[in-house]
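Me: I want to learn how to read local features in a protein model. Walk me through a few, please.

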Amino acid sequence: MAVAPFLKHWRTTFERVQKFVSPAYFTDCNLRGRLFGDSCPVTLSSFLTSERLTYGEAVQQDFSPAQVGDRFGPTWWTCWFRVELVIPEAWVGQEVHLCWQSDGESLVWRDGEPVQGLTNEGEKTSYVLTDKLKEGDPRSLTLYVEVACNGLLGAGKGNIIAAPDPEKLFQLTQARLAVFHRDVHKLLVDLELLLGMAKGLGEHDQRSFQALYTANQMVNVCDPAQPETYSAAKALASKFFGQHGGESQHTIHAMGHCHIDTAWLWPFKETVRKCARSWSTTVRLMEQNTDFVFACSQAQQLEWVKNHYPGLHARLQEFACRGQFVPVGGTWVEMDGNLPSGESMVRQFLQGQNFFLQEFGKMCSEFWLPDTFGYSAQLPQIMSGCGIKRFLTQKLSWNLVNSFPHHTFFWEGLDGSRVLVHFPPGDSYGMQGSVEEVLKTVTNNRDKGRTNHSGFLFGFGDGGGGPTQTMLDRLKRLGNTDGLPRVQLSSPGQLFTALERDSVQLCTWVGELFLELHNGTYTTHAQLKKRNRECEQILHDVEMLSSLALARSAHFLYPAAQLQHLWRLLLLNQFHDVLTGSCIQLVAEDAMNYYEDIHSHGNTLLNAAAAALCAGEPGPKGLLVINTLPWKRTEVLALPKPGGAHSLALVTVPSVGYAPAPTPTSLQPLLPQQPVFVVQETDGSVTLDNGIIRVRLDPTGCLTSLVLVASGREAIAEGALGNQFVLFDDVPLYWDAWDVMDYHLETRKPVRGQAGTLAVGTEGGLRGSACFLLQISPSSRLSQEVVLDIGCPYVRFHTEVHWHEAHKFLKVEFPARIRSPQATYEIQFGHLQRPTHYNTSWDWARYEVWAHRWIDLSECDFGLALLNNCKYGTSVRGNVLSLSLLRAPKAPDVTADMGRHEFTYALMPHKGSFQEAGVIHAAYNLNFPLLALSAPSPAPATTWSAFSVSSPAVVLETIKQAEKSHQPRTLVLRLYEAYGSHVDCWLYTSLPVQEAILCDLLEQRDPTGHLSLQDNRLKLTFSPFQVKSLLLVLQPPPN
Ligand SMILES: [Zn+2]
């Protein structure tokens, strides 16, 4: 019989129980010391390789004798161990584990299949050989353990985000068989939960004392040396945990999860193995716990497993059928939520959802992006269009300045689409099932009273790992205990269904979900960003030209498989630690190689499509100039001449179409526009004037004046300098590649140029330009060509920088003669406004923001737009437009951004609104240069246009073949309303269209979406920022 506690000293009672379960103290006599019983050694042999071999390749190598204590490496190598074991006969009836400890992430292979991951950091140091050894069970066994020379979070030298230590050695510190005492484990779980309640509920709570005294009594009745005493302790715990809470208890939906960064502090190839380690463990847990549900995102990772570990993939499919393995997210990878284009975001879902449907029989119902650095205001529309109305994340809990006011709410996007959002209130996707986390989930929940349900994601994350049996044991024990919320093992579907029931009470958040941290990720690793923009453009052009070729040529085969492959590479690189630049050097190098693949294959496909497009058209052999944008363009183009030289020509190309390149005799057409004049004054300053704008540069290359000629209106603030480069000290609090802190603004240093460096480049006519050099610092320099073309409403700044800095941030500024409390920034399929002042904490937390191709600052009837061809970081404070150019963080990649860069930005003053002035079109033009492709056979002699749209507010963004293979002659068109207005418009086409139907973003027909097609045109109606997709069924080829 238990003895009553004699005294009332809270701390001694608490610490007594703590020591009873401690892994560090008194293990000679406490309960923890009894967790394992008898043990015996195993026989080890090993071999080391620099490659990531398959199991089949590995087991055929020569293994040499090895032992515990061996060191191996270096970083990124692999040590394979053969483990020969014999379980002693005396252990019949016992649970037997292989205990394995190494600082390298390990994977156990049994009979040629991966069966479990083992990682110290993931609290997985034992592999259960049998939960009860029976008479007659085989006792001799050979296993293989594949030990990667990296930890769960890579191999950072000194701290986790430091660059990997290439020389690091790893060690095997334990490998033995041991008897495991499951009853001891269960008592330890109970005692730890009781301690958690005693501490977490606090001394004002009577249940806290009940928990403490129950634990104390358990210690009194339990003699670790006498297992027969355990049942008395267990009975005390069961009585306590069996005391249920009331009907109004909050319900926590605990879902297993394992966040695996697709590449981060380790390369893509290691992630393939991380998936196997994490998910083979998960399969075992699902076998052992039939109520355990695991939510798994990122189709790419599942595809890797399908290709590299087909047996494991088949098991995952089995558990998906049982409802235990739940694919979530719907996307190819968990992409960055800010930088990818609208079309890229659509493709994340298109590739992802189709993969989930094909492999797991259904599409995902929840969008899942727990770890991304902010969320575009267009995501609600994009996810809704892809069959998803629910969204789970938690990253806004990282906000540095403001605490986000909701955990469960409706999110209304730019176009008014609404989705239900839940942030697990524990503010983590890597919970472990402790009482502290369970309590935090309720106390932290900002929507208590409005909804009585919370999500809870448990399992080691970031580097993988996932849930453990101990986490499951804790959560199951807490099922329904007075004093704590109810905990149920649940699925994302069950959670959201419960939240939807309470949804009438929920609040709505309108617009972007801006993360007040990691704002450096809009700029870090400029080359990745540049290549991303360029590859988005290439794939756009390839799809468009291939579609037109398909429509016009009976013999053209649309390169669907190649395009899928290239898109998937681009989508992979948009992962939230790759495109953001927050990855190690190895990852950035792989990503650049993927971009190069897209670039080179894309160009091959582009030429093939162009050749097919003009085949059979009579005309002179030569060049074809192609416009992939949905409006007519007249631009100066550099045409290749024999011998590698170029000549400038002014060409006009119709919307989504082509024109023959001007022949040498036609190179000097009658110019309707004023030619460009270039004048250098005696003081060294240069004026460029094309009759639309007049640009004046001072002798150092700074912009002293920018005038809209027709109105005489000056765009540069009085007495101020535009095109002013500025350097900032850029030392964040910790997350080097990620963060630029507010205080960097206090270190602003203008880079002063030297008078006399400015010179005239191109002398005028079709094009005029001026060039200068600028020494940024003793080690970094810049050169720039400022270019003005005939008829062009903007001036371009072609910039080359040699950048060798540490913790510096380079920006360029344009103080405008404009006053407005808000500026406009382009985002996916639209734009939004942000304040230009720092009134409230929500305003000043946005001192560094992101945009896509343009930003604009306008007052009534006049404005100034800043366009770019590969930048994302920006800001407008007061009247100063600023573009973020280059950073120099040193972790996790010391080489980030070092070296040569090339980029272009442009400045466009305008009358009226930016919409009417054509800023959106101008930014597209800058990003989608006219293509001059050589026609292998005679090039067409006439111009041709496939599509045009009657309203400039509507952008025809994408033309592609439909995904479904049974629709080879069906095109998909995607259009969006770009002004922020209600619009009726006509879409014209010269293609032989048989039928036109509206569809969703996944290309599924809208049953009521038939469009009437008359006189080669169809009518479309848009609301502000609405994205519409249509299927155009083409007539059979003429043949
Ligand atoms: Zn992540």
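Reply: Start with burial. Buried means under 20% relative accessible area, exposed means over 50%, and partly exposed is in between, with a 1.4 Å probe and protein chains only. This is a predicted model: local features need pLDDT of at least 70, side-chain atom pairs count only at pLDDT 80 or more, and totals for chains, interfaces and linings use all residues. Residues are numbered from 1 along each chain as its sequence is written, and side-chain values use heavy atoms, with hydrogens and water left out.

Me: Is Gln298 buried or exposed?

Reply: Gln298 counts as buried, because its relative accessibility is 1%. Its backbone deserves a look too. Gln298 has a positive phi of about 75°, although it is not a glycine.

Me: Where is Gln298 found?

Reply: First, the element names. Helices (H or I, at least four residues) and strands (E, at least two) are DSSP runs, numbered from the N terminus. Gln298 is in the loop between strand 13 (294–296) and helix 7 (299–308).

Me: What is the phi of His807?

Reply: His807 has a positive phi of about 55° and is not a glycine. It sits in the loop between strand 36 (795–803) and strand 37 (808–815). His807 is partly exposed, because its relative accessible area is 23%.

Me: Now peptide bonds. Which bond to Pro74 is cis?

Reply: Read omega. The bond from Gly73 to Pro74 is cis, with omega near 0°. Pro74 lies in the loop between strand 4 (71–72) and strand 5 (78–86). The bond from Ala891 to Pro892 is also cis, with omega near 5°. Pro892 belongs to the loop between strand 44 (880–886) and strand 45 (899–911).

Me: How do strand 7 and strand 8 pair?

Reply: Two strands pair if DSSP finds at least two bridges between them. Strand 7 (residues 106–110) and strand 8 are antiparallel, over five bridges. Leu107 stands opposite Gly117 in strand 8. The two strands form a hairpin with two residues between them, and Asp111 in the turn has a positive phi of about 55°. Strand 8 (residues 113–118) is mostly covered, with five of its six residues buried.

Me: Which residues of helix 5 are buried?

Reply: They are Tyr230, Ala233, Ala237, Phe240 and Phe241. These residues lie on the same side of helix 5, because they cover an arc of only 90° around the axis. That arc is taken over the directions from the helix axis to the C-beta atoms. Contact means heavy atoms within 4.5 Å. The buried residues of helix 5 pack against helix 3 (182–201), helix 4 (206–221) and helix 12 (469–477).
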